[in-house]
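Hi,

Here is the structure I promised to pass on.

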Amino acid sequence: VFPSLAQAQASVANEVYRELGQPSIFLFCPTEYCSSLCSPSPSKSCYLLTLGQELLPEIGVIWTGPKVVSQELSATLLEEVEGVLQRHPVIWDNLYANDYDCRRVFLGPYTGRAPGLMPRLHGLLLNPNCELQANFIPIHTLGSWFQSELGSCAHLDHAGMETAAALGDSQGPQEGTYSPQEALELALLDWVAEINRQALEPGR
């Protein structure tokens, strides 16, 4: 019926979106959801180009970054993805995911995400450790990163997106930017307090 997989997926997604009454949040995960799955690259992928043209503009598209589990996210990469999809991506961040290897647990701070990414995003989802208690530091430090990003957005000048892109590619420290080490220390203080609070509960 359809000349390509992308056109088939876009047609079905659009129909479901309309059937559900065009909800304010409707997310689509493409078959090529990271750079390493694109052929030959995100900006030259016929599949992604078709999705960008065919998917209704209100539908959010999920993206994991350069890889399925991306150690770094840059404004330059997001700009490329935004161009081909014709919308800001929703980052599905697998930095802490351990469902593919449950012998590993990730307890470090949220890191590797350049400052100034917020204006390039339609949203961000964090795929956590399978073990509930192991996610205190990941979620706490993600909150610190988010607060820092909100502060950066509040200080953008009229250039807006250009300034955000410049921040995202900057290697030098910026005043008031996110520090993974400081975020980790704050998270550890709150986690110890939470553990102590639970230890004092009756029956513990």
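Below is what I found, starting with the ground rules.

This is a predicted model, so to speak of local features takes a pLDDT of at least 70 and side-chain atom pairs count only at 80 or more, while totals for chains, interfaces and linings use all residues. Residues are numbered from 1 along each chain as its sequence is written, and side-chain values use heavy atoms, with hydrogens and water left out.

On confidence: pLDDT (the predictor's confidence in each residue, from 0 to 100) averages 89, and 88% of the residues score at least 70. Residues 157-175 fall below 50, and that stretch has 21 contacts beyond near neighbours in sequence. Contact here means heavy atoms within 4.5 Å.

The fold has 6 helices and 4 strands, in the order α-β-α-β-α-β-β-α-α-α from the N terminus. These are DSSP runs: H or I of at least four residues for helices, E of at least two for strands. Of the 204 residues, 41% are buried, meaning under 20% relative accessible area with a 1.4 Å probe, protein chains only.

Now to helix α2 (residues 46-54), where Tyr47, Leu48, Thr50, Leu51 and Gly52 are buried. Their cover includes α1 (5-19), β1 (27-28), β2 (60-63) and α3 (75-85).

α1 and α2 pack at about 30°, axes 9 Å apart (lines fitted to C-alpha atoms over the stretch in contact, with angles from 0 to 180 degrees between N-to-C directions). That makes α1 roughly parallel to α2, the term for angles under 35 degrees. Leu5, Ala6, Gln7, Gln9, Ala10 and Asn14 of α1 meet Tyr47, Thr50, Leu51 and Glu54 of α2.

Cheers

Definitions and conventions
Buried < 20%, exposed > 50% of the residue type's maximum accessible area, 1.4 Å probe, protein only. Parallel < 35°, antiparallel > 145°, perpendicular 65-115°, else oblique.
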